[in-house]
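Here is a structure to read by its definitions.

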Amino acid sequence: MNTNKYVGRIGIGEVIAWIVLILVLLFTITPIIFMFVASFMDAKQILAMPFKWIPSRSYFTTENRTFFTNFYHAIVGNNNNNIFIRNIINSLIVAITCSATTVLLASLCGYGLAKFNFKSRNFVFMSIMATMMIPFEAIMIPLYMVASNLHMMNTYQGLIVPFLVSAFGVFQMRQYLLTFPTEYLDAARVDGYGEFKIFHHIVLPNCTPVIATLGILSFRNQWDNLLWPLLVSQSETMKTIPLYITKFSEEKQTDEGAMMACALIASIPMFILFGALSKYFIGGAEVYESRKG
Amino acid sequence: MAAVAMTVPSAVFAKAKKVTIEFWTHEDANRQKLEDRYIKEFEAKNPNVQVNVTRQAAEKLIELIQTSFAAGKGPTMFNLSINDEYPYIAAGRVAPMNYKAAGYKNAGDVINAYAPKMLDPVTVKGKVYGLPLELTNWCIFVNKKVFRDAGLDPAKDLPKTWEDMVAVSKKIVKRDGNIITRRGYDFRYKYYLENNVPMVEQLGGKIVSDDGKEAIVGKDAWIKFLTFMQKWGPNGDNLGSPTYAHARSLFNKDNNDIAMCSTGLYQEARIKHDNPSFYDSGEWMVIPYPKFADAKQDVAACYYGHYYMVNADASKAEQEASWALIRYMLNHGEEYLKEVGLVQPTTALLNSKTFKDMPYSSVFANDLKRGHIVYYGANTTAIQNALGTAIEGVMLQNKTPEEAYTELKKTVQELISE
Amino acid sequence: MPKKIKKYSIEQKQARWGFAFTVPCLVFFAVFSFYPIFNALVTSFTSRQAIARTSKFIGLQNYIYLFTKDNGGFSLLNSMRATVIFTFGTFVPMVVISLFLAVLLMQLRRPSQKGFFQIAFYMPAVLSSVVAASIWMILFDPRGLVNQITNTVFFTSGQDFKWLTSNVMLQFSTMIVYFWKYIGYFVILFITGLSAIPPSIYEAATVDGSNKWHTFWHITLPLLKPTIVLVSIMAMLQCLKTFSTQYMFVQNGAARQPIDVITMNIYYTGIRNGKLGRASAMSIILFIIMLIFTWLQFKVSKTDDVEY
């Protein structure tokens, strides 16, 4: 919803606004375009001075490379073991599972905190919020020991379980549900619906925007997780994408082209997800509109 | 072939119960091929033993092994560089060798099989705690083509002193403004204990005094060294810097962007693997570690070793099987040398024809004699970091050598008195 | 009387249900958050090391050590400096500029344009930190794009602005990467906040003769206050917890000292050097710092909320 609608003349203010926005746009987009373009180039071209945005054709023929050489190197890996595909699958499994469990558990908890009155409510809420202040590095080692004692080392459970739900998720759900009209809930109760059924059939279906947003954010956070898999995934087959990229960059440090190809491949799932569900990212209007009436 | 045959008959294990060995090691594409083969053969000869290998990047391996020991779940056997491994011996986390399982009669027998002093770092109170996978020292690899391209003669103009190194690098370096596009030599940053401390020792300084009480001995030597590094970097002659790609990673590609790097004999196998035409062309060579013109002593780059060690918390059966596996793998010394370029410091191997036939092995052997083992102790990682701070401080930030020296001395003194 | 009893028992039942709904999460947080931080607290009072078999209780010695000694050249005080500089150097511009951009976006004529920019600004956040760091490491290379662009903008040539080498520039570079990554996210948050203000307010203001600037300062900004406070706190906490950006830079060869943020120091001291007791003490200190800053922010923003 636009708050200030101009009709007709374009004022100087608007021009300046556009210029600023376009500059910032260039700032955010250029590195991504760089990654895309560089994944087709070799190291010499990437660090050429001056940088040419379009890979020159000539070197393709002279150096025995094809358009996709970098991608081939990226996927095949340093030991020709094609482990990258497995790592991508691992990341997907972990991210999707954590995303699903986060949405489920956070909505349960947020609902309880938002729509029910019990004595310890504020205490519970504050305690959960306090965990947001615990940096992961602080609990890394005790967590490692917990996971180790539960025999979760080098397994999917080990990667997933410590991230079943996030405090941030609880916060988001609670905030959203605070504004959920209680009349509907009371009406359902009067009609004799059980609490769980109310949650399942009335609350959840009406939370789609925040569920989608939370789901995507959780997915993204797990996709990005570097430290924990570093400790837990000991064998090659259990590693996730960030680990693969770090390892790849350590070894092929001077093959920047393959690095960028690797980075690009690793980003594709996120781009797809983002592209398909972008409206759940774009804040404001839609969420506001859907809550009216 | 192997000088000492494997003396443990496989019948010893025939009635033993099932044993699993968790073997953690660092990655090396060439070594992996050999290891996987030996492990298969060993498992076939000992059907009750299962070996699970986990490979990690060398840097990560140090952290992962430490973390797993902290959680009480360390691997059954592993190998690390001695300066990272020594704390495990000191803390009693690794087991003394089971001589019989490893195919030796007793400690003396083991020590004699290896070149003098090679097992000293892992021998405590007469017990031997590890067997070397490799002993490595670094010499200078030279790309002859780059020399010629810079108008130098790869036979006559080879640098013998550090002053030569500066002069030669100045001729080879190409820049775009301040930005270096081709380097002559560049240091092996992050490995200061191995590659830079000898420079200080050449000038008469030491990292720790002989009685272990004083750190960073020899103020003049250290300041001279730090000044040299400062001049090398972007604040001085701008011949190199830790922020450019590792020299050793670029060397194999033969892209006319680096002329010399410090690395070990194993690099030859890697050049062959990465760039066979470069390897075969003979356009590379190896020269000894340079010495300052006014050096007080002649010291080459330090050598470091990787030793196989066994977890002290593993069961007796697991330990026995581990030592047997270690011995089985190490028996193939000449293959390790030929295929991977790893030098096992056994007397047999160092005198073998295979070793003598490897290109430039005499350079490495001589530098081995000129050098000594890298510093190892309880806080080696932290000391390595402290050296890094000092050297990078004068090179990249604006610290003066005096400031860096004072800070370094304070830091390392604290570390060794912990 | 019967009515009252019924009401009481319904409330009680409701309370129990409410609590029950929170139980799964509570169990999870108990095992994976409360227990570990408690464990870290206990460890911080011991001399625990990774490889040593035994450790003993040493009281506050770890804490005293951290505030007085060097920690192998990476002292806690240096880390605190690095963290504070990074946090304030990043979150303040981030909050201010994202608010500014959000306001600009609200000026656009068509919602589709607004949506386009939001998507474009948000894209960096979609990439994983490892990917972002690897891209920027190449961009910041002395031969890379950033130097080239800066040279063009400042009409110099061949000058190395030392993005990764100089002390100051290295810190600045990490801030740039972090800013780049999260600016879009905060723009979206502000747009949400701005969109929640009913247009009737603006109409009323215009009818009352207020010009745009006046409207912004005296109406929009106060109404936006809760969002601003929320966004500020989130941004600040996230910056205090930063790790991947600095870690990736150091892994790729940058110097550690200038950007040795507390989280990274904890990691290196604990996992690299094996000094678990000391690392735990550092973690507790960081936790306390975060609590203090959050409380401070709440205090500063504690003026009457504007109602409408």
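Q: How many helices and how many strands are there in chain A?
A: This is a predicted model. Chain A has 17 helices and zero strands.

Q: What share of the residues of chain A count as buried?
A: Chain A has 293 residues, and 44% of them count as buried. The label needs 20 or more other C-beta atoms within 10 Å of the residue's own.

Q: What part of the contacts in chain A with a separation of 6 or more joins residues 24 or more positions apart?
A: Such pairs account for 76% of those contacts in chain A.

Q: Which residues touch the most other members of the largest nonpolar core?
A: They are A:C262, A:A263, C:A102 and C:F186, in a core of 295 residues. Helix 7 of chain C, residues 167–195, gives the most to this core, with 16 residues.

Q: Which residues does A:C262 touch, not counting residues up to four places away in sequence?
A: A:C262 touches A:A74, A:I245 and A:F248.

Q: How many residues does the contact between chain A and chain B take from each?
A: It takes 15 residues from chain A and 16 residues from chain B. On the chain A side, helix 7 (136–149) and helix 14 (241–251) of chain A each give two or more residues. Helix 7 of chain A gives the most, with four residues. The chain A side divides into five nonpolar, seven polar and three charged residues.

Q: Into which domains is chain B divided?
A: Domain 1 covers 10–134 + 306–347, and domain 2 covers 139–302 + 378–416. Their C-alpha centres lie 32 Å apart.

Q: How many residues of each domain of chain B are in contact with the other?
A: 11 residues of domain 1 are in contact with 10 residues of domain 2. On the domain 1 side, helix 1 (29–45), helix 3 (82–90) and helix 14 (333–340) of chain B give two or more residues. Helix 3 of chain B has the largest share, four residues. The domain 1 side divides into six nonpolar, three polar and two charged residues.

Q: Why is strand 14 of chain B called mostly covered?
A: Strand 14 spans residues 304–310 of chain B, and seven of its seven residues are buried. The covering extends to both faces. On one side lie B:Y304, B:H306, B:Y308 and B:V310, and on the other B:G305, B:Y307 and B:M309.

Q: How do you know that strand 3 and strand 14 of chain B pair?
A: Pairing needs at least two bridges. Strand 3 (residues 77–81) and strand 14 of chain B have five, so they pair, in the antiparallel sense. In strand 14, B:M309 is the bridge partner of B:F78, and B:Y307 is that of B:L80.

Q: What makes strand 6 of chain B a partner of strand 14?
A: The cut-off is again at least two bridges. Five bridges join strand 6 (residues 131–136) to strand 14 of chain B, so these two antiparallel strands pair. B:P132 has B:Y307 as its bridge partner.

Q: Why are strand 2 and strand 6 of chain B called edge strands?
A: The open sheet has five strands in the order 2-1-3-14-6 (chain B), with mixed pairing. Strand 2 (49–56) and strand 6 of chain B each pair on one side only. The twist averages 15° from one strand to the next.

Definitions and conventions
Residues are numbered from 1 along each chain as its sequence is written. Chains are lettered from A and ligands numbered from 1 in the order in which they are written. This is a predicted model: local features need pLDDT of at least 70, side-chain atom pairs count only at pLDDT 80 or more; totals for chains, interfaces and linings use all residues. A nonpolar core is a set of buried Ala, Val, Leu, Ile, Met, Phe, Trp, Tyr and Cys residues joined through C-beta atoms within 7 Å. A residue is buried if 20 or more other C-beta atoms lie within 10 Å of its own, exposed if 12 or fewer, and partly exposed in between; C-beta atoms are placed from the backbone. Two residues are in contact if their C-beta atoms, placed from the backbone, lie within 7 Å. Domain bounds come from an automatic or database domain assignment. Ala, Val, Leu, Ile, Met, Phe, Trp, Tyr, Cys and Pro count as nonpolar, Asp, Glu, Lys and Arg as charged, and the others, Gly among them, as polar. Axes are lines fitted to C-alpha atoms, for helices over the stretch in contact, and angles run from 0 to 180 degrees between N-to-C directions.
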